[in-house]
Amino acid sequence: MDTELILMQLFSGVALGAILVLTALGLSIIFGMLGVVNFAHGALFMVGAYAGLWVASLTGSFWWGLIVAPIMIGGFGMLIEYFLIRPLYGRSIDDPLLLTFGLSYVLVEGVRIVFGSDGIPFPTPSSLTGVVDLGVGFFPIYRIFVVGIVFLVVVLLWLGLEKTKFGLIVRAGARDPTMMKVLGIDISKVWLLVFGLGVGLASLGGVLSGPMRSVNPEMGALVLAEAFVVTVIGGLGSLVGSIVAGLLVGVVISMTALFAPEMATIVMFALMAVVLLIRPQGLFGKLA
Amino acid sequence: MTSPALAAPSHARAGKRAQFRSLVTRYRVPLSILALCLLPWLLPSKALAVNVLIYGVIAVGYNLLFGYTGLLSFGHAAFVGAGAYITGIAIGQFGVPWYLAVLLGVVGGALLAFIMGALSTRTRGIYFSMVTLALAQLVYYVALQASAWTGGENGLRGFTVSKIELLGFEINFLDPVNKYYVLMMFAALALWIVSRILNSPFGAAIEAIRENERRARTCGYDVERTKLLAFTLSGTICALGGTMSALHLAFVPLDSLHYLSSGMIVMMTLLGGASSFFGPFIGALVFLVMEDVFSLWTSHWQIIVGSVFVLFVLFLPKGIWGTFLTKVMR
Amino acid sequence: MNAPLLAVENIVVKFGGFIALQAVTTEFRPGRVTSIIGPNGAGKSTFFNVLSGVITPSSGSIRFKGEDLKGTKQHDFVHRGIARSYQITNIFPDLSVHENVRVAAQAGRARYNIWTNRNRLTELDDRADAALDAVGLVAKRDETAKFLAHGQQRALEIAIALISNPEVLLLDEPTAGMGPEETKEMVALLEKLAAERTILLVEHKMKMILGLSDRILVLHHGQLIADGSPRDIQTDPEVRRVYLGQNDGYA
Amino acid sequence: MTKGTTRNHISRRHMLAALGTGASVVAMPWIARAADDTIRIGFPTPLTGPFAAEAKDQVKSAELAVKQFNDKGGINGRKIELLVRDDKLNGGEAATRTLELIEKDKVHAIVGSLSSAVQLAVNEVTRARGVLYVSISQSDTINEVKDFSKYTFHEALNPTMTAGAVARHSFKKGMKVAHLVADYAYGHEMLRGFKRAQAAIGVETVGEIMHPFGAADYSTFMPRLRSMRADVLCISNFGRDQANSIKQAVDFGLKQQSRIVVPVLLHNQRLAVAPEVFEGVVGGSNFYWGLESQLPSAKAFNDAYRAANNGAIPTDYGAYGYTGVSSLLMAMQASGGTDTDKVIAALEALKYDVAKGPQYYRKCDHQSVQSVLVLESKKKADMKSDNDLFSIVANEVPSEEVLRSCTELGFPG
């Protein structure tokens, strides 16, 4: 096997990893700050793709879809938090998980009713079609663009969390919600925004993957499982963990695809089992 | 606290309620069996009744962990599937008699539950749910790959049990009524076992862990080991449900291992009422009838099932039976 | 004098860079009430957590009846004879008062019994009732624990700890949040218990400690700075400086 | 021996019916149907899930066939009723629905299924109970002797037929072929179909990649596929997997290097993906509405379908619903009723042409021998209407030659 192919495979792995990071981030942020496992994450990813498509077809531009849909679905996420999740705070930690699980059924079926069960074409924007020569092989321009967006999102998140007052409140709130109350900060507003942010990220992932994968009502199911694996490996609630684990999983899948392609999906779960055996809290997780 | 003051006036009625509850608890196994005897004559079809039986057993087994120990597993489909696959493989590929195949299925499921439990009970809270989910998905993909044994995506088949011998009688197992009552014996056995477990000191121990894990540990309970035992017992009962389903359908679909199948078990349990004995069975009944009725009426039945579930989590977290016990019986 | 029941030697506990206990060495003899005092953050709770197996010390050893407890899991401490209560009430809120104690009672012998009907284990019932009697909660036997008054919940927690018939009883602020009446009742209860077993106490209420204790240990910044009778401690200049000095009101 | 069981079974059924009616008086209104003489056909199909569109087309086609027979006065004066049930694309669900149809609704035959797993589950249930089943989904497995049921007839094509036809009409001697294959039975069957044909033509395989079934991302397979420098890339998977993998192969520029062929092209799945992606992709099919310009029976089917469904055209998997129900009803007509053994004999003897040219069931495995279409996906500019998706490259005439032989399937010679 020549080095060119291995290098190319490594690059594909990193690119795939970037997409996995994007799918895991929203899940990880919501869990990290609110302690809520959003089981509707995959469904919202899918709804985001449809929303992006819808906005793009209304405006005739992919870019409007890319910008408007995450905001729209992020807002929808805030409604979910306000009306459905908020009444569950203070109850069992399992309740939000169960509720969002039921919600995912509703969302998937709702999309089937509105858009049909077949799936809809989502063409790659014309300015991003085609391949680019990396020296070791060809790679679609669009995928490189997605990697760039993921990088941008990660940087913005980091800046937002580390360098702004809001970020400070969010991080403090995650550690000690009662302290926030004592300080007179309305933590419920922070949670609302964080949930909206997480859902917005999920739908951004959906819009971005539209041109790469086919858009259909079931596209979220697999994404949910992938996002779970990445966050569990990285450590629940750890952003750094999600990023490292996403890239790791991407590269592992890619290398498996080269040597034992039929194992490319199973390897992800096997990797998770191994990590759990050695470090039950995940690579960057803290012990409960 | 204001609660004692609130509780005081309803004392007399509370007494009556407690009496009813203790009566129901005492005779819960015979009562369930009586209800099960009538079930096939009350439901639209025998096949549906058998499914209620199977999912009832699975949900009751699952509830041992979810309702009583307080652990939300999203991976119990693995044990249901393991029971079904092992039974099917034993009959179809090794010609093992059906009753032995059932035993093998249950033992195999228990073993898998022990292994998965050993891995997952090391983790806590929400982590536990995700780890069980991911481990069960691993089992799903293994079954998909091991198609020589499992039939892969095509599903496992070729093990139809058309007649069985029981106490010297030969019974036509294709007859839906016969099949129902034979499988009902397994269900009754499962209910009896679960009832005994719940009544045992161990039953009190798992409730103590659900109530307050730290206190239970301070009392001298090995929390991890108790959880592992609960996990294994729960998985074993679910595996029994799986073997019943294999005998019933003469087919094991790969989907039976998928996490959405686990999700369905969770939904049934919660719908009926976790942490009550009858709840999960009632949940399985309501869920399956709902699905049966709505899917004839609209192909978008999932939106109804999903919404009902969301509403239950929000407003009736104790489920149908739990709410009946606390609200109506007041 | 008899041999020490519980002895710790050079206990160090580190949380990351923070040293919560540094080289604490002491021993406890049977049948006395020993109080552990010190300002907030002195390491009292950490010390209790080490003695009850909640945390494993970074270094140092604990010996109970001459045996090293290294590697002993937390849940085994109670089986060996060391039981505890917590600073914040820690009971089984949805179980009845009686069930609270009985479930603790069965932890000793019937932990993994999945088959016997627990109502047949009448011996456990009797023991639970005896423990409730000891803390004066027999009348509340069938009430749901979370509906008890605060002081009663504290008493229940002590009953739970007592049921294993421990030789050493660790009580973390048993009168926390109690009014004067409830505190008086609790003190009476503690005096009764002290007749039969070794009690270690973390408390803030100075008057109560001075009246109840045979011996007082003072922790400050994770170090044992004084050890003696109530009278010795009251006059210890170091203690006055770091502790009593700031809290004149207590003395 | 089998005959004996059947008779026993029927008497058992009568007894049950009596029991059921007895119970229904005291119990619920939904118990057992009255013993009228309607001919009931159960039709399990995945109304929910990724193939719901295909399922709905199947139902419409099947209803059309039933309506046509009823309009002609039914069979011996008996009306025909179609009982549609949602199998949710799940074998367990399908088995339950089939049991209900047989035990409660007392159907005379089952037609349906859209996936291999569902087909095998229904087959298992009908085989054990001696109920007629016309299966309408693709699989090689069901042809083999292990799953054979004398009550089951396979109306659908199988991977050997479709992959073979596609290979015969797109491979040339000396070409280099690369395979991307879904790693499950259906994928392996398609691959085998291609390779059989390859061997006959003299085409070299330059590489073979098995991908996990149900994968969403294929990017990690693309560098290797590209490095194979094949003339033809065969993608042996189905439905969503097909849409995703073709889309990503095109993104990675593989279409510039190789021609993409697939064993089966689906009308509705093509609609779900942009025409640019599928442009030039060649694949097999059982039916395409464009056949009407060549074939009178296709024209007649299309016209009747359009009339019944507001001008909509029938699609590939939908057409199976029509041909499958039609052949069954024709056999019932020929045998004069619903006696299982007589209907089987009539089906075995039947020659029919209802939508796609002449067809008949092979004796040994009950596989319908029929024409296979090879289609090419059109460029957007060449499409004359929204439904003008494919051009017909070839229409292979029915022949047992393209099937695996009876001995190969394990049947005694």
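Good morning. I begin with chain C, which is divided into domain 1, covering residues 1-81 and 169-251, and domain 2, covering residues 94-165. Please keep in mind that the model is predicted.

How far apart are the centres of the two domains of chain C? Taken over C-alpha atoms, the centres of domain 1 of chain C and domain 2 of chain C are separated by 26 Å. The two domains of chain C do meet: 10 residues of domain 1 of chain C are in contact with 9 residues of domain 2 of chain C. On the domain 1 side of this contact, two helices of chain C, α2 (74-80) and α6 (180-194), each supply at least two residues. Of the elements on that side, α6(C) gives the most, with 4 residues. Sorted by class, the side of domain 1 of chain C that touches domain 2 of chain C holds 6 nonpolar, 2 polar and 2 charged residues.

Let us now view chain C as a whole. Chain C has 9 helices and 10 strands. Its radius of gyration is 19 Å, close to the 18 Å that the globule rule gives for 251 residues, so chain C is as compact as a globular protein of that length. The C-alpha trace of chain C spans about 60 × 40 × 40 Å along its principal axes. Of the 251 residues of chain C, 42% count as buried. If we take the contacts in chain C with a separation of 6 or more, 67% of them are accounted for by residues 24 or more positions apart.

By contrast, no contact joins chain A and chain C, and their closest C-alpha atoms lie 13 Å apart. Chain C and chain D do not touch either, with their nearest C-alpha atoms 34 Å apart.

Chain D also has two domains. Domain 1 of chain D comprises residues 36-157 and 295-369, and domain 2 of chain D comprises residues 160-285 and 372-402. The C-alpha centres of these two domains of chain D lie 28 Å apart. The contact between them takes 17 residues from domain 1 of chain D and 17 residues from domain 2 of chain D. On the domain 1 side, the elements of chain D that give two or more residues are α2 (52-71) and α13 (316-335). The residues on that side of domain 1 of chain D divide into 8 nonpolar, 5 polar and 4 charged.

Finally, I consider one helix of chain A. Helix α5 of chain A, residues 141-163, has 23 residues and reaches 32 Å from its first C-alpha to its last, close to the 33 Å expected at 1.5 Å a residue. Which residues of α5(A) are buried? They are R143(A), V146(A), V147(A) and V150(A). An α-helix has 3.6 residues a turn, so residues three or four places apart point the same way. The cover over the buried residues of α5(A) includes α1 (3-34), β2 (138-140) and α8 (187-209) of chain A. Thank you for your attention.

Terms used: Residues numbered from 1 in each chain as written. Chains lettered and ligands numbered in written order. Predicted model: local features only at pLDDT ≥ 70, side-chain atom pairs only at ≥ 80, totals over all residues. Domains from an automatic or database assignment. Contact = placed C-beta atoms within 7 Å. Nonpolar A, V, L, I, M, F, W, Y, C, P; charged D, E, K, R; others polar. Rg over C-alpha atoms; globule rule 2.2 N^0.38 Å. Buried ≥ 20, exposed ≤ 12 C-beta atoms within 10 Å, placed from the backbone. Expected span 1.5 Å × (residues − 1).
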